[in-house]
Amino acid sequence: MAKAKVKTAYFCSNCGYEAPKWLGKCPSCQQWNTFAEEVIEKTTKSRFASGDAVAAGSSFRKTAQKAVTLKDIQVQQEKRFDAQDTELNRVLGGGIVPGSLVLIGGEPGIGKSTLMLQVALKLIALKVLYVSGEESAQQIKMRADRLHNKNNNLFVLTETDLDKVFNQVKEIQPEVLVIDSIQTLGSSLIDSAPGSISQVKDCTGELMRFAKETNTPTFIIGHINKDGNIAGPKVLEHMVDTVLQFEGDRHLSYRILRTIKNRFGSTSELGIYEMRNDGLREVNNPSEVLISQREEELSGVAIGATLEGNRPLLIETQALASPSTYGTPQRATTGFDNKRLQMLIAVLEKRGGYRLSMRDVFLNIAGGVKVQDPALDLAVAASMVSSFEEIAIPPHICFAAEIGLGGEIRAVTHVESRIAEAEKMGFSTIYVSKFGLKGIDFKKYGIQIRAFGKLEDIFQDLFQ
Ligand code: TYD
Ligand code: MG
């Protein structure tokens, strides 16, 4: 291809905003010093499309659309493929949507390639093309052998040039396409290096067009940088239909697949896996794994009945309140909001008379999960008081309530599904707010429901 005059543009490395000249502050995301120059040479032709479509520019717009009234639009029942993986089906909102572009983000080494290869192997009935720019064909084969799923129909391509990928796609005509990873993919039509913003943006755009025009579900793996953003532009998140995030502590075996964005379903869904020697195992009963097995009763441990999306989860909180050796006591948390912890400490101090201001307080949510559900408040407070008083909470008790600044116990959403989950998991008592219980038939539960309106009353009931 004869190279035309080199064109450059400046891109914000945070949000992908494009400007013709360098700017100190991004007008889009307001970040300073994020602009970098990149050589671009744009082409409007779509690389996978057939000849005539290419001549007409992007074949995406080849038929002119007419405006129609809402009542004339026919809704077709969305057909979805079964991903053969209950956790993935759940986070996608009920299966793989044809023509959807799904981005799977996560830190390096968390298990994105393993997850996608495993899914590709399980889709035996479909023709799947797995494109890897990260590993050799041998490495992929070795990994597939480790996963014990036989699928001789899986096509593997090790390629980093988008145009060559599309050549193969045209030949093989896959029913599902997996790209590992978007940061290794580059187009020879753009001069900048793979992984740069213009490459990532352009390749994603082409893959989007491919997915929509051929109705082929496409999964792209993307690495996450230190700030927790998908490396390169946030723009990527705007372009795709669904963003899933694969997270967890690399030293622990549990992994969480979380929906960040979904055009075809709810964004509060959660899938849980366990990383084993032979791949990722779906964890269908997460409460079981999020509560640690212990033989003796320990002070500072309390179980909260939380809800992630529509999924009730029983989560263990552990607190340690030890005498502070410095003037300013330390507060450290993992998996829980630090500000919320400070607030709960202040409430316990003022309303409960617990002198936590003289103590260092450490709080852990077991299993490496991050929890935002306010219903965990009561469990967190109970674990702190248990550690402070050095009285263990019996293991068959759990909690589900929010705590207000006045020390009041507030109602939480979906209290019934929390109660039902606690009962299912074998708990015999659950502490909840006395508000918001109207219409609940207590008799149908075998679990004892203890409802209170004030923090002091709960602790009186619990520790006396
Ligand atoms: P990988 O999928 O390569 O991570 P990513 O693509 O997100 O960078 O997974 C890397 C880790 O997973 C690696 O440290 C080894 C571990 N692993 C297992 O524990 N069991 C397995 O069956 C496989 C395939 C990998
Ligand atoms: Mg990988």
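**Exercises on strand E8**

Strand E8 (residues 218–223) is mostly covered, with six of its six residues buried (under 20% relative accessible area, 1.4 Å probe, protein chains only; exposed is over 50%, partly exposed in between). Helices (H or I, at least four residues) and strands (E, at least two) are DSSP runs, numbered from the N terminus. This is a predicted model, in which local features need pLDDT of at least 70, side-chain atom pairs count only at pLDDT 80 or more, and totals for chains, interfaces and linings use all residues. Residues are numbered from 1 along each chain as its sequence is written, and side-chain values use heavy atoms, leaving out hydrogens and water.

**Exercise 1.** Determine which residues of E8 point one way and which the other way.

*Solution.* In a regular strand, side chains alternate between the two faces of the sheet. Thr218, Ile220 and Gly222 point one way, while Phe219, Ile221 and His223 point the other way.

**Exercise 2.** Identify the strands that pair with E8.

*Solution.* Pairing requires at least two bridges found by DSSP between two strands. Strand E4 (residues 101–106) runs parallel to E8 and is joined to it by six bridges. Gly105 has Gly222 of E8 as its bridge partner. Strand E7 (residues 176–180) also pairs with E8 in the parallel sense, over four bridges. Here Leu177 stands opposite Thr218.

**Exercise 3.** State whether Thr204 is buried or exposed, and list the residues that it touches.

*Solution.* Thr204 lies in helix H6. Thr204 is buried because its relative accessible area is 0%. Not counting residues up to four places away in sequence, Thr204 touches Leu101, Ile182, Ile220, Leu236, Met239 and Val240 (contact means heavy atoms within 4.5 Å).

Terms used. Chains are lettered from A and ligands numbered from 1 in the order in which they are written.
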